[in-house]
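This report concerns the protein chain shown below.

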Amino acid sequence: MTPSTTQRKKLPIGIQTFSEIRQEGYYYVDKTALILRLLTEGKYYFLSRPRRFGKSLLLDTIAELFAGNRALFTGLHADAHWDWSICCPVVRISLGQGVLHSRAALDTRIRLLLQDNYTRLGVALPEGQDASGLLSHLLQQLHLHSGQRVVVLVDEYDKPILDNLTAPDVAREMRDGLRDLYSVLKEQDAHIQFAMLTGVSKFSKVSLFSGLNHLKDITVDARYSALCGYTDEDMDTVFAPELPGLDREEIRRWYNGYNWGGTSVYNPFDVLLLLDMRAFRPYWFETGTSTFLIELLRQRQTFTPGLAQRLTDLDLLSSFDVDRIETDALLFQSGYLTLHRQEEILPGQWVYTLGYPNLEVRTSLNRALLPALGVAASQALHQCSALLRLLRAHDFEGLRSLFTAFFASVPHDWYRNNPMAQYEGYYASVFYSHFAALGLDIALEDSTSQGRIDMAVRFNGGIYLFEFKVVEQHPNGKALQQLKDRAYADKYRALGQPIHLIGVEFSKVQRSVVAFEVERAG
């Protein structure tokens, strides 16, 4: 079944220009009610969102509002609610293009961007000024000659730093250069009407926004959780003509779930590619996953089952700098984890639970992590395919052979050179990431009245309960015995499905599976 042609429009894939979307008949999700709230309730804002979430389109929309281009907003919330007599000059700086690898290259790029603003806004370029001086002069002159204070919009404010995280000395130089530029926003406050910076990561105010203490961070603000991205309502209204022929629940399972304290949203890049290609794929993930991230998770011996549920606080989520890259902050800010719950445990003290936003990220990230766990990239697909085939056949002996063969195939040098292999969670991580890479229905540390089940998998009309134990050398049967002693199966009996208890024991000495006991719950 193909989508109905009634009221269909073009899909704005890769288009970040508001005027083009509005003039050329593309779908547009109206964010102007939220934008007007921003403009009327504050002056300086910072917003962090993952890549390809519509940050550039957001800033372009704000620019068109202040430019007074009312015709572009016909039928949108802003049309009847914005004061169209307000027209301000807009300075725009985007650091998203290309990769810079030196402070000199950054300074040259910033100077060119500022020169473009001088030309576009009709201001004579002064001589002998550095980047900070050029920006200060531009703001002063625009205010003087227009009689209106200036709007400053900075997109991808952090990209020159992020591109150089593997070279910390260069990243620090980039940070210092950008700090010199952004400090102008504080110094020239009298000439600024509104300023907004967007990027992927939130660097500490001390390191990058020195003196700009009044920059309001709306990254985790329930009111603006849906400022970028598509909501369920957007999907069912704006994109309704595109939905016939697609499983609506699968769309939600694959691409929804990003949350910053309020309304959950879909990744817009995924949605548009899905509606165009009519097939479920990890479109966003395939556009580029940081090898730096994967390597960092390996070096820090990250327990991959723990990625599904992590407790943190806002300070850690906001702690990001060249010299201090918190794992949770990196995963959250880059979009691999999102907010699942938030709780005020004491007045003013909030605890946040992070987890995967959706099926796309869970499967793709775990598949990308398999090589970090010792699975050769060329074998990862084979391993996962074999796992799926054996589960469907209820071939438990085959499952044991699969994982035993895997651990046996890992070269000794890999164990010696990789700290991840030296901790007990490594073995469970290997198991979990294979299952997670398939997108199976997995529950970790599932609570019962008697304790927590290491891993519960629901698949193929059955339930598989796993308990993992690490022994020195010889199996002792405690993994399976714990599943039985604590009656973990009782929680699932009401489902009326066969329940399989699987006790897995790993030997630290042999570096392999030494017990894989299976028993069907009676």
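## Helix α13 and its cover

In this predicted model, the buried residues of helix α13 are P268, F269, D270, V271, L272, L273, L274 and L275. The helix comprises residues 268–277 and is mostly covered, with eight of its 10 residues buried. Buried here denotes a relative accessible area under 20%.

Which helices cover the buried residues of α13? The cover includes α11 (232–237), α12 (248–255), α14 (283–286) and α18 (359–369).

## Helix α15

Helix α15 covers residues 291–299, and its buried positions are F292, L293, I294, L296, L297 and R298. After α15 comes Q301, which has a positive phi, near 55°.

## The five-stranded sheet

Five strands form an open sheet with parallel pairing, in the order β2-β3-β4-β1-β5. The edge positions are held by β2 (90–94) and β5 (216–217); each has a single partner strand, so one side of each lacks a neighbour in the sheet. In general, the strands of a sheet pair through backbone hydrogen bonds, either parallel or antiparallel.

Opposite D217 of β5 stands F46.

## Overall dimensions and contacts

The protein chain contains 23 helices and 15 strands. Its radius of gyration is 26 Å, close to the 24 Å that the globule rule gives for 522 residues, so the chain is as compact as a globular protein of that length. The C-alpha trace spans about 80 × 55 × 50 Å along its principal axes.

Of the 522 residues, 54% count as buried. Considering contacts between residues at least 6 apart in sequence, 69% link residues that are at least 24 apart.

## Surface and charge

The accessible surface of the protein chain amounts to about 22,200 Å², and carbon and sulfur atoms contribute 48% of this area. How many positive and negative side chains does the protein chain have? There are 54 positive and 60 negative side chains, and the centres of these two sets lie 2 Å apart.

How values were computed
Residues are numbered from 1 along each chain as its sequence is written. This is a predicted model: local features need pLDDT of at least 70, side-chain atom pairs count only at pLDDT 80 or more; totals for chains, interfaces and linings use all residues. Side-chain values use heavy atoms; hydrogens and water are left out. Buried means under 20% relative accessible area, exposed over 50%, partly exposed in between (1.4 Å probe, protein chains only). Helices (H or I, at least four residues) and strands (E, at least two) are DSSP runs, numbered from the N terminus. The radius of gyration is taken over C-alpha atoms; the globule rule is 2.2 Å times the number of residues to the power 0.38. Contact means heavy atoms within 4.5 Å. Accessible areas come from the Shrake-Rupley method with a 1.4 Å probe; for residues, only the protein chains shown count as cover. Lys and Arg count as positive and Asp and Glu as negative; His and the chain ends are not counted. The place of a charge is taken as NZ of Lys, CZ of Arg, CG of Asp or CD of Glu. Two strands pair if DSSP finds at least two bridges between them.
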